[in-house]
Amino acid sequence: MGRIAEEMAARDDHGAAADYIPMLAGVDPRRFGMAVAEPDGTVYGVGDWRQPFSTQSISKVFALALALSLDGEQIWRGVGREPSGNPFNSLVQLEYENGIPRNPFINAGALVVTDRLQALTGDAAGQVRELLRTESGNDAIDFVPEVAASEAAFGDRNAALAHFMASYGNITLPVPELLTAYFRQCSIEASCADLALSAGFLARHGVRADGSALLTRSQAKQVNAVMLTCGTYDAAGEFAYRVGLPGKSGVGGGIIAIVPGECTLCVWSPGLDRRGNSVAGVAALDRFTTLTGLSVF
């Protein structure tokens with residue numbers, strides 16, 4: 001990993017931090033951290049791997065896992081499993097497809113998942129935070145109210161998505177309640193080490209750190225499959241081509257990736273490309289799979 005970190009530091013192109021969420025805009029896009037966690041909980045890292053950052057859409061993986069664990073196949077009645085081919089906050093396909101979003105990792109699909117998880121638990125964001133705390137062993141993982149407030153202040157597109165789906169009966173909660181839960185979930189702050197450890201159940205085929213099952217083997221496969229095909233917005237094909245692993249990015253600059261049966265990874269570098277994925281993060285995962293030969297292909 002040291003070699004990869006050195007290569008990332010030497011890059012000329014680092015992208016730009018997300019400027020449409022004011023609380024994220026000021027982060028130095030050249031920062032870089034990377035962690036690898038083995039199935040037994042051993043974790044290694046380099047650079048800013050212990051630095052907490054805004055998880056943003058990475059939290060959608062954990063919300064989906066919880067919804068699957070509680071609701072089983074029912075969750076797929078309101079959200080699909082296909083790549084969207086459109087930006088993560090697009091309204092276009094919803095009108096053609098009767099308010100059913102293409103997958104759970106674009107914003108519309110994540111809103112459906114959060115809606116269901118909120119209905120099942122009464123505290124969707126709290127359940128995601130608790131899962132991260134338990135699996136990582138870090139009770140300091142928490143929401144950042146300023147980030148949630150920043151997203152709410154600029155959340156008109158998400159509100160439009162939610163109201164549109166509600167008009168088709170695909171949202172059950174009052175939209176303001178749903179948006180509050182969704183923005184809180186996305187505001188969770190955690191480090192590369194935390195997220196690599198927290199996602200370990202996906203490398204262990206659904207088994208949590210304590211040996212209990214969060215998901216069945218089949219459900220873990222489902223989550224990994226949707227991550228591979230849909231986890232990096234409308235760049236999922238390019239990510240699969242370059243990296244060859246299930247992955248999920250967030251506009252905070254983080255990406256988690258899964259090598260089933262082997263390890264989980266998390267990289268963080270706040271500079272994004274035009275599709276919302278970390279420039280150095282994708283490059284680092286590309287180098288990791290090239291150097292190690294680890295891939296699902």
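Predicted model: local features only at pLDDT ≥ 70, side-chain atom pairs only at ≥ 80, totals over all residues.
Within the pair, Val259 has Cys263 as its bridge partner in β7, and Ala257 has Leu265. The hairpin of β6 and β7 has 3 residues between the strands, and Gly261 there takes a positive phi near 80°.

On its other pairing, β7 is joined to β1 by 5 bridges, again antiparallel. Gly33 finds its bridge partner in Trp268 of β7.

How many of the residues of β7 are buried? The count is 6 of 6, so the strand is largely enclosed by the rest of the structure. As a general point, side chains in a regular strand alternate between the two faces of the sheet. In β7, Cys263, Leu265 and Val267 point one way, while Thr264, Cys266 and Trp268 point the other way, and all are buried.

At the β2 end, β1 and β2 pair in the antiparallel sense over 5 bridges. Their hairpin has 5 residues between the strands, and Gly41 takes a positive phi near 95° in it. Ala35 stands opposite Gly45 in β2.

Gly45 deserves a moment. This residue of strand β2 counts as partly exposed, at 30% relative accessibility. Leaving aside neighbours within four places in sequence, Gly45 is in contact with Met1, Met34 and Ala35. Gly45 and Ala193 are 148 residues apart in sequence, yet their C-alpha atoms are 7.2 Å apart in space.

Next, some loop residues. Ser191 sits in the loop between β4 (189-190) and α10 (192-198). Is Ser191 buried or exposed? Buried, with a relative accessible area of 2%. Which residues does Ser191 contact, leaving aside its neighbours within four places in sequence? They are Trp49, Arg50, Gln51, Pro52 and Phe53.

Most residues other than glycine have a negative phi. Gln56 has a positive phi, near 50°. Its place is the loop between β3 (53-54) and α3 (59-71). Gln56 has a relative accessible area of 3%, and since the cut-off for buried is under 20%, Gln56 counts as buried.

Tyr233 also has a positive phi, near 60°. Tyr233 lies in the loop between α12 (217-230) and α13 (236-242). With a relative accessible area of 4%, Tyr233 is buried.

Last topic, empty space. Rolling a probe the size of a water molecule over the atoms shows where such space is left. How many cavities of 30 Å³ or more are there? The count comes to 1. The volume of the largest cavity is about 60 Å³. Its lining consists of Ser84, Asn86, Pro87, Ser90, Gln93, Leu94, Pro101, Arg102, Ile106 and Ala108. By class, that lining has 5 nonpolar, 4 polar and 1 charged residues.

The largest pocket holds about 270 Å³ of space. It is lined by 18 residues, and those nearest its centre are Tyr20, Ile21, Phe88, Asn107 and Asn158. By class, the pocket lining has 9 nonpolar, 6 polar and 3 charged residues. Helices α8 (156-167) and α9 (175-186) each supply at least two residues of that lining. Which element gives the most to the lining of the largest pocket? That is α9, with 3 residues.

Conventions
Residues numbered from 1 in each chain as written. Heavy atoms only, no water. Helix = DSSP H or I, 4+ residues; strand = E, 2+ residues; numbered from the N terminus. Buried < 20%, exposed > 50% of the residue type's maximum accessible area, 1.4 Å probe, protein only. Contact = heavy atoms within 4.5 Å. Pairing = 2+ DSSP bridges. 1 Å grid on protein atoms, 1.4 Å probe; cavity = no way out; pocket = protein on both sides within 12 Å on 5 of 7 lines; lining within 4 Å. Points joined across faces, edges and corners; volume = space filled by probe spheres on them. Nonpolar A, V, L, I, M, F, W, Y, C, P; charged D, E, K, R; others polar.
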